[in-house]
Amino acid sequence: MSDLLVRRGTLADIDTVLKFWREAAEGTSISDDYDGVARLVRTDPEALLLAERDGLLVGTVIAGFDGWRCSAYRLAVHPQWRRQGVGSALMEAAERRFVALGGRRADAMVLEANERAQRAWGAGGYRREDHWRRWVKPLTG
């Protein structure tokens, strides 16, 4: 996909990204709003990676690093562009970022019911760790 551009997202991209996630991402997150994405971009301007083809947003991933863990969130590819290397290109960019920051292992959050995503992550060299469970506590409302 030589015509695929992977770049960092900016504040100007937020509305487009939120609309894209409603079309292409599985599930929703408490942070899927303008303020949540703006906070991400302001806090870590390199974390939001966007894949574009001919100026059209075709994929996203958040490549977050907190100094301890490398975490991939919101890997989403528009249904029209799936199985064409977009997700792989995004994860290659994310993994390059992680390595450059000194990361040792990348984690990905994948919905239990999303079998297609589980196959994609497995094909990318990721494996499920059944001995861990995610525990969450909403901090608002």
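What we have is a predicted model, in which local features need pLDDT of at least 70 and side-chain atom pairs count only at pLDDT 80 or more, while totals for chains, interfaces and linings use all residues. Residues are numbered from 1 along each chain as its sequence is written, and side-chain values use heavy atoms, with hydrogens and water left out.

Let me start with helix H3, residues 86-100, where helices are DSSP runs of H or I with at least four residues, and strands are runs of E with at least two, numbered from the N terminus. Its buried residues, meaning those under 20% relative accessible area, with exposed over 50% and partly exposed in between (1.4 Å probe, protein chains only), include Val 86, Leu 90 and Phe 98. Seen down the axis of H3, the buried residues fall within an arc of 155°, taken from the directions from the helix axis to the C-beta atoms, so they line one face of the helix. The face turned away from that side carries the exposed residues Arg 96, Val 99 and Ala 100. After H3 comes Gly 102, with a positive phi near 95°.

Turning to the salt bridges, each a side-chain nitrogen of Lys or Arg within 4 Å of a carboxyl oxygen of Asp or Glu, the structure holds 11. Arg 7 meets Asp 13 at 2.8 Å, N to O, and Glu 52 forms a salt bridge with Arg 7 at 2.9 Å.

Terms used
Expected span 1.5 Å × (residues − 1).
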